[in-house]
Amino acid sequence: MVDLKTPGPLEPIELFYFAYRAFTSHPDRILAERGLGRVHHRLLYFVGRNPGIAVNALRETLGVSKQAMNTPLRQLVEMGLIDASTAAHDRRVKQLSLSADGAELERQLTETQVKLLTEVFAANDEAAAEGWRAVMRALSTRMQY
């Protein structure tokens, strides 16, 4: 069990930190074996969910700069995990898709997280799960730059 040091109004911060650590620990180990990190995971995940996504659309989805995305995306392309092709409608647009190896890696990473969430949701009632979803939705709309 996690030993919370800050009961009261700061407790949700610690809970969120420890939950995120649990959520990312197994994928982090899989990624580390390939010399990759969480940013690579995010790229693989969103390209996998949006085959043919344009580089700029992916950047906007993730809310990152071109500079922040350039190196990890280039690494994934060079490793053969993401395929980049020129869009038929506009030669200036690069579209991204997962290669077979990239799809398999993304499946492994996401599978560990789906399993964890499935177990946690099964151990709690539907009201708790829906409350969690409501909090996550509310948090996701409050981007602060």
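**Exercise 1.** How many residues apart are E130 and R133 in helix α6?

*Solution.* The model is predicted. Start with the helix: α6 covers residues 126–140. E130 and R133 are three residues apart there, so about one helical turn separates them. Next, check the contact. E130 and R133 form a salt bridge, with the closest N and O atoms 3.7 Å apart. A salt bridge needs a distance within 4 Å, and 3.7 Å meets that cut-off. Now check accessibility. E130 has 36% relative accessibility and counts as partly exposed. R133 is partly exposed too, at 26%. Finally, look at the shared partners. Salt bridges join E126, E130, R133 and R137 into one network.

**Exercise 2.** Which parts of the chain does the pair R38 and D28 tie together?

*Solution.* Begin with the contact. The side chains of R38 and D28 meet in a salt bridge, 2.6 Å from N to O. Then place each residue. R38 lies in helix α2 (residues 38–49) and D28 in helix α1 (residues 11–32), so the pair ties together parts 10 residues apart in sequence. Last, classify both. R38 is partly exposed, with a relative accessible area of 34%. D28 is partly exposed at 22%. The cut-off for buried is under 20%.

**Exercise 3.** Where do R107 and E104 lie?

*Solution.* Both lie in helix α5, residues 100–122. They are three residues apart, about one turn of the helix. Accessibility comes last. R107 is partly exposed at 37%, and E104 is partly exposed at 34%.

Note on methods
Residues are numbered from 1 along each chain as its sequence is written. This is a predicted model: local features need pLDDT of at least 70, side-chain atom pairs count only at pLDDT 80 or more; totals for chains, interfaces and linings use all residues. Side-chain values use heavy atoms; hydrogens and water are left out. Helices (H or I, at least four residues) and strands (E, at least two) are DSSP runs, numbered from the N terminus. Buried means under 20% relative accessible area, exposed over 50%, partly exposed in between (1.4 Å probe, protein chains only).
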